[in-house]
Amino acid sequence: MLVAASAERNKEPILRVLRQYLDPAQRGIRVLEVASGSGQHAVHFAQAYPHAEWQPSDVDQRSLHRNPEWGLRDTAFLESLGQASGLLLEKMVDMPANNKCLIFRKE
């Protein structure tokens with residue numbers, strides 16, 4: 001399995017954010033992780049939320065071609081994609097590895 005150092009650094013801080021929004025006992029929760037990369041986060045989060053359905057995804061290949069550690073940086077683009085799909089940006093949280101955790105909710 002591919003292990004990314006930045007994913008290791010961020011998995012616990014992101015999980016702390018998720019704990020503010022998700023109940024681990026609740027069933028029927030669906031979570032989309034955008035720009036999942038190695039999938040380390042999805043594996044880690046699935047252990048903490050075994051009843052949730054996790055959907056990892058990869059996006060914005062042009063950023064990854066420039067530098068695989070960059071990920072997706074255009075949060076306005078993500079917000080517009082979310083709106084087009086009936087998702088509202090509820091909160092943007094700064095993470096320790098110079099990135100962000102965006103919380104979207106279905107309208």
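**Exercise 1.** Determine which residues Lys106 is in contact with, leaving aside its neighbours within four places in sequence.

*Solution.* Contact requires heavy atoms within 4.5 Å. By this criterion, Lys106 is in contact with Ser85, Gly86 and Leu87 once neighbours within four places in sequence are left aside. The model is a predicted one, in which local features need pLDDT of at least 70 and side-chain atom pairs count only at pLDDT 80 or more, while totals for chains, interfaces and linings use all residues. Residues are numbered from 1 along each chain as its sequence is written, and side-chain values use heavy atoms, with hydrogens and water left out.

Next, the C-alpha atoms of Lys106 and Gly86 are separated by 5.8 Å, although these residues are 20 residues apart along the chain. Finally, a polar atom of the Lys106 side chain lies 3.3 Å from the backbone oxygen of Ser85.

**Exercise 2.** Decide whether Lys106 is buried or exposed.

*Solution.* Buried means under 20% relative accessible area, exposed over 50%, and partly exposed in between (1.4 Å probe, protein chains only). Lys106 has a relative accessible area of 64%, so Lys106 is exposed.

**Exercise 3.** Classify the ring pair of Phe45 and Trp54.

*Solution.* Rings of Phe, Tyr and Trp (its six-membered ring) pair if their centres lie within 6.5 Å; planes under 30 degrees apart count as stacked, over 60 as edge-to-face and the rest as tilted. The count by this rule is two aromatic pairs. For Phe45 and Trp54, the ring centres are 5.6 Å apart and the planes stand at 45°, so the pair is tilted. Both residues, Phe45 and Trp54, are buried. Together with Tyr49, Phe45 and Trp54 form one aromatic cluster.

Notes: Polar contact = N/O pair within 3.5 Å; in protein donor to acceptor, adjacent residues only side chain to side chain.
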